[in-house]
Every structure is written in C-alpha cells, then in structure tokens.
Amino acid sequence: MKISESSVHFIYDAAKNVYDSKQTIVSAAKEVSDKGLMSDGSARIYINIFISLMKGVGHTRAMNEYSTIYFLESIYKDYGSYQFELALQATAHHVNYYNSLGKGRRTSIEKVIADMKTKYNVQSNAYSVYPDEVEFIEGKVKKTYVNKYERSASARQKAIVVHGVNCIVCDFNFEETYGTLGTGFIHIHHLIDLSEMGSEYSLNVETDLVPVCPNCHAMLHKTKPAMKPEELKHYLTSV
C-alpha cells in the first residue's frame, strides 16, 4: 500500500497521542488501519519510529524521505529545538545502522539531515555517530546492536563523577574553552571491545568508561578494534 502524504500527517498525530499517553499503540494503529491509511503493521512501525526520534535513539525500520522530513519538521514545530536535535540524532543513528548493512546507503536521508542542520542553524554535534554509541529500539523490546553503555544516562553521569569531564587523551575541557555553553559536555568512551564481551559481561563504570572529546573519540575508532586511549595519547605527544 502506497503511503500518501495525508496518511503521514495522520499517523504523526496518532504517534504524538501514543507518546503523550493519550492513546495506546494498539488503538492508534487500529484507527489508522480502519481508515485505510496504511496497514496495522506499518502504522506500528511509524509510531515506534516517532518514539525513537523523541528519545534520540536509532530505529532499524525505515520511513521514506517525505515522512522523515515531515516528522522532523513537525517535531521542531511541536516540541522545540532540543527535541528536534534528539530526533536528528536518532535519524543519524538509523542511517549509520542502515549503511552498515552493506545493502546501499540512505543518501537521501543523509541529505535531509544536512539540510535540516543548515535550515535550523543546528551547531550541536548531537547527531555525530561513532561505532560504539549506537542503540536501537523496536517497540517495547530494546535491541542493542552495538553498545548501549555510552548512551546510558546513569552510566554516563557516574563515569563523569569518577573521571571528570576532561578528555583522558588530550585533557581538553569544553567549559574552559566555551564557558557555560560547554559545561558538562564530553563524550563517554567504552573501553571493552565487543569481541571481548561475554554473555555475563557486567559494566564497571570506574574501569570500563572514560571521558574523551569528540575528536579523540573519532580517532580512537580509526582502528578496529578501537585504539586504547593511552596509545592515542602517546601518538598525540609524539607527532
């Protein structure tokens, strides 16, 4: 069934109702299906994508370009710039996931992200994606495809309490450079490679998570498995 623009508008409003706890996903999807706008399954996918956008986490299922633009534009209008940047982040995570499958690239959605960044003068790097930062959800079941630990708000905060907000590699501190705008900003890097994680792995915040600036974070992931921070620090001081 081809999804019309009017159907996208309706499902967006239905997804908002679900997100705002005004309607269940079951009743919302049934209403959309009963109106002949899209199948029950497609409606559930669109609603779950909206929830992912609002949470800033990736989704594995795809929307078309028009739907992506409409959802992002509407989130900006209805919820403001902060929620909009989370939605951009989630969209970038989706693109990262899709591109990693080896089935092609979602170049049209990459362009949508770039266009939205320009249109709304978004300076934040909230949608910067590194290989161990991506988490995806499908409905009520969370499926972690790469690494969930850096995206855990509680783990992140505990790591900052333990290690501070200076980059462990280059010692950069965002607040010292950007003032209050940079207060508390830092990436959190997970030291344990996925291949080393067994089914019984349990996160140790003190030993497994460290603060790194975005530049050093990207450089750590130039190698597979990721370079150790002390290796990058040695490289940085020797060049």
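Ser-21, which comes after helix 1, has a positive phi near 60 degrees; helices are DSSP runs of H or I with at least four residues, numbered from the N terminus. The model is predicted, with local features requiring pLDDT of at least 70 and side-chain atom pairs pLDDT 80 or more, while totals for chains, interfaces and linings use all residues. Residues are numbered from 1 along each chain as its sequence is written, and side-chain values use heavy atoms, without hydrogens and water.

Helix 1 comprises 15 residues (5-19) and spans 21 Å from first to last C-alpha, close to the expected 21 Å at 1.5 Å a residue (1.5 Å times one less than the number of residues). Its buried residues (under 20% relative accessible area, 1.4 Å probe, protein chains only) are Ser-7, Val-8, Ile-11, Tyr-12, Ala-14, Ala-15 and Val-18. Their cover includes helix 2 (25-34), helix 3 (40-55) and helix 4 (65-79).

The structure holds zero disulfides, a disulfide being a pair of cysteine sulfur atoms within 2.5 Å. For Cys-167, the closest cysteine sulfur is that of Cys-170, at 3.7 Å, too far for a bond. The sulfur of Cys-213 lies 3.6 Å from its closest counterpart, in Cys-216, again too far for a bond. Cys-167 is buried at 3% relative accessible area, and Cys-213 is buried at 5%.

Val-239, in the segment after helix 11 (229-238), is exposed (over 50% relative accessible area) at 69%.

Methods
Helices (H or I, at least four residues) and strands (E, at least two) are DSSP runs, numbered from the N terminus. Contact means heavy atoms within 4.5 Å.
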